[in-house]
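Please look through the sequence and the model shown here. The paragraphs after it walk through a number of places in turn.

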Amino acid sequence: MAIASFVLADSDLDRLIAAIAARDADALTSLYHETSTGVYAYALSVLKSSYDAEDVLQDTFLRISQTAGNYRSNGKPMAWILTITKHLCMDLLRQQKKTTALSYDLGVPEADPDDRLVVEACLQILTDEERQIVVLYAVSGIKHREVAEVMGLPLSTVLSKYRRALKKMKTYLGKER
Amino acid sequence: MTVNRTAREIRRAFENITPNVLDRVLSQSSLKKGAVTPMQEKKPFIPYAIQKIASAAAVVVLLIAIGAVALMILNGRTNPQLSDNPTEPPTEAPTDSEEIPEGPLPQPYFTYSPYAVNAYSKEEMGEDYSLYCALVDAVLNYETRVSGFSSEEQFLNLWITMRDELPPAWKLCAGYLDFDEPYIYADGTVELKFVLDKNAHMALLDAYAQRIQRDISTLLETDTEVERIAKVYQCVVNSMKYSGTQQRLYDAIMNNRGVSSDFAEYMMILLNQIGVECYFAQGYGEGIEVHTWVIAKMDGKYYHFDPTWEQDFRNWYWFAIDDQLRRDSVLPEWRNLFIMGGDYEDVNSEGVIVVGKISHFTYQRIPLPICTEKYKEDSRCNGIAPWLW
């Protein structure tokens, strides 16, 4: 059962990327609306800083606008986009000479308290791996197999960690409310 | 609240906190509003290369030709991609793969086995192989309960292996995450949840078994290992058509349409049936694109086999090539297509090939020997199954 419900199918995303390669700004806008949440959530789950994640969000779409011509469809457009995001996150972490932030830094003071609770729970109670797995599947909407590819983990690890992480979140959110 | 509801809640929360940086992106990119949008799906790999080559100036073609001659002289071998006119598509249409030579059919030497697995998987499974066979039996006999598992991880590893080795199983069973109730109970029992009634279930398994049996039926006892691998390779290239949409492996094989990983996995399934050591190889090109092919051991050495790219060439170019030939490919954007890794260091470390099993992604680095032989020029290849192309 797919959790995330994207309006566009992978083949539509493929077409948007092809249109971006033909320098179409409208296609970039459409792709942004379809995928920006997944990109931002993944960047935030890796970097644990809303400011850094916002930078990576912007850089990811700029990179897409520059490299769309290199994209060849393999049925996994979102995994391609998230791999770009991952590399940009790694670059940033390398520049900052840290592997992971010790504490999270969630800006967005205007956010709804309920949404904030959920995102903070993700950042606080899940391990780095669990959080990235949950975000990649539940928010970015890629398949578990693609999550395994993006993260370089065995699929069985991804599946069991995903299930465990969601149970952890469910228990925590049940107590906090 | 169910697990899936929790996931939806997480998604909604992230949606609501995502900042909008679209204006900044658009102002910094050089894209134009209302540019012509190509409506047709881009055909991968070769047409793109041909377009690129066709658009190059005549002088470039001349330089390539000179380079080809120089290469022939230096290396003492011909490169068909360089010596042929690269702008022309192959002139000979492929022959129908169903066509069988006249005369009585030879008795099949290999018989389809649902228990056949990749040698690498089998080594990884170790003693768990007997449990894997119990899972296969359950699927084959429409039995929902299998016992003897010591952990969820153990079951998942075998379950995922089954996806690659017996593709109909994943078509016939509901997924591990589709239910809130456990797939595995505390007493080590697994409960499979079949999606079809027994008759439809059996019919689907039977159709798959017949398909694989048909594919390996052309392999003879008298065939050499090279000939057997070549026949498997031909079978995959002739059966499959490239489709940009990813689907279940079972559907890809049965509908003869798939992406490069389907080509590679299908070839591996057939090689596993005949006991050839093979690996799933995946790598990124310069555009961080993923492509998949097969590495198999032939006559004691490891070679690359790329049935996806062969589809467009059909001249054995991608059959049993070594590291160097792959790097010297005529498609410059794919020259470094060797690397699979989770980080930039891996992507940039040229010459390292990381292979393994698709489902586990516990990649194993194997050093490929630099081979001077090229099997497509080998007379043993030219002589086999000429009716196929």
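Which residue lies over the face of Tyr129(B)? The residue is Lys122(B), placed at 4.4 Å from the ring centre. This value, like those that follow, comes from a predicted model.

Other rings can be taken next. A pair of aromatic rings is described by the distance of the centres and the angle of the planes. A search of the whole structure, over all chains, finds 15 aromatic pairs. One of them joins Tyr109(B) to Phe110(B), with 4.9 Å from centre to centre and 75° between the planes. The pair is edge-to-face because planes over 60 degrees apart count that way. Tyr109(B) is partly exposed, at 40% relative accessibility, whereas Phe110(B) is buried, with a relative accessible area of 12%. Chain B also holds an aromatic cluster, formed by Phe149(B), Phe155(B), Trp159(B) and Trp170(B).

Two helices of chain B come next. Helix H7(B), residues 129-141, packs with helix H10(B), residues 198-216, at an angle of about 120°. The axes of H7(B) and H10(B) are 9 Å apart. At that angle H7(B) is oblique to H10(B). On the side of H7(B), the contact is made by Val139(B), Leu140(B) and Asn141(B). H10(B) brings Lys198(B), His201(B), Met202(B) and Leu205(B) to this contact. By kind, the residues of the contact of H7(B) with H10(B) are four nonpolar, two polar and one charged.

A further place in chain B is Asn256(B), found in the loop between helix H12 (249-255) and strand E4 (257-258). Its phi is positive, near 60°, and the residue is other than glycine. Asn256(B) has a relative accessible area of 25%, so it counts as partly exposed.

Now turn to chain A. Chain A has eight helices and zero strands. Of the 177 residues in chain A, buried residues make up 64%. Among contacts in chain A between residues at least 6 apart in sequence, 67% join residues at least 24 apart.

The loop between helix H2 (25-47) and helix H3 (50-67) of chain A is the place of Lys48(A). Phi of Lys48(A) is near 55°, which is a positive value in a residue other than glycine. Is Lys48(A) buried or exposed? With a relative accessible area of 10%, Lys48(A) is buried, because buried means under 20%.

Thr85(A) is buried, and its relative accessible area is 0%. Which residues is Thr85(A) in contact with, leaving aside its neighbours within four places in sequence? They are Val39(A), Tyr42(A), Ala43(A), Val56(A) and Thr60(A). The C-alpha atom of Thr85(A) is separated by 9.9 Å from that of Gln58(A), and these two residues are 27 apart along the chain.

Helix H7(A), residues 144-151, is mostly covered, with eight of its eight residues buried. Among the buried residues of H7(A) are His144(A), Arg145(A), Glu146(A) and Glu149(A). Val147(A), Ala148(A), Val150(A) and Met151(A) are buried in H7(A) as well. Just after H7(A) comes Gly152(A), where phi is positive, at about 70°.

Terms used
Residues are numbered from 1 along each chain as its sequence is written. Chains are lettered from A and ligands numbered from 1 in the order in which they are written. This is a predicted model: local features need pLDDT of at least 70, side-chain atom pairs count only at pLDDT 80 or more; totals for chains, interfaces and linings use all residues. Side-chain values use heavy atoms; hydrogens and water are left out. Rings of Phe, Tyr and Trp (its six-membered ring) pair if their centres lie within 6.5 Å; planes under 30 degrees apart count as stacked, over 60 as edge-to-face and the rest as tilted. Buried means under 20% relative accessible area, exposed over 50%, partly exposed in between (1.4 Å probe, protein chains only). A charge sits over a ring if NZ of Lys or CZ of Arg is within 6 Å of the ring centre and within 35 degrees of the ring normal. Helices (H or I, at least four residues) and strands (E, at least two) are DSSP runs, numbered from the N terminus. Axes are lines fitted to C-alpha atoms, for helices over the stretch in contact, and angles run from 0 to 180 degrees between N-to-C directions. Angles under 35 degrees count as roughly parallel, over 145 as roughly antiparallel, 65 to 115 as roughly perpendicular and the rest as oblique. Contact means heavy atoms within 4.5 Å. Ala, Val, Leu, Ile, Met, Phe, Trp, Tyr, Cys and Pro count as nonpolar, Asp, Glu, Lys and Arg as charged, and the others, Gly among them, as polar.
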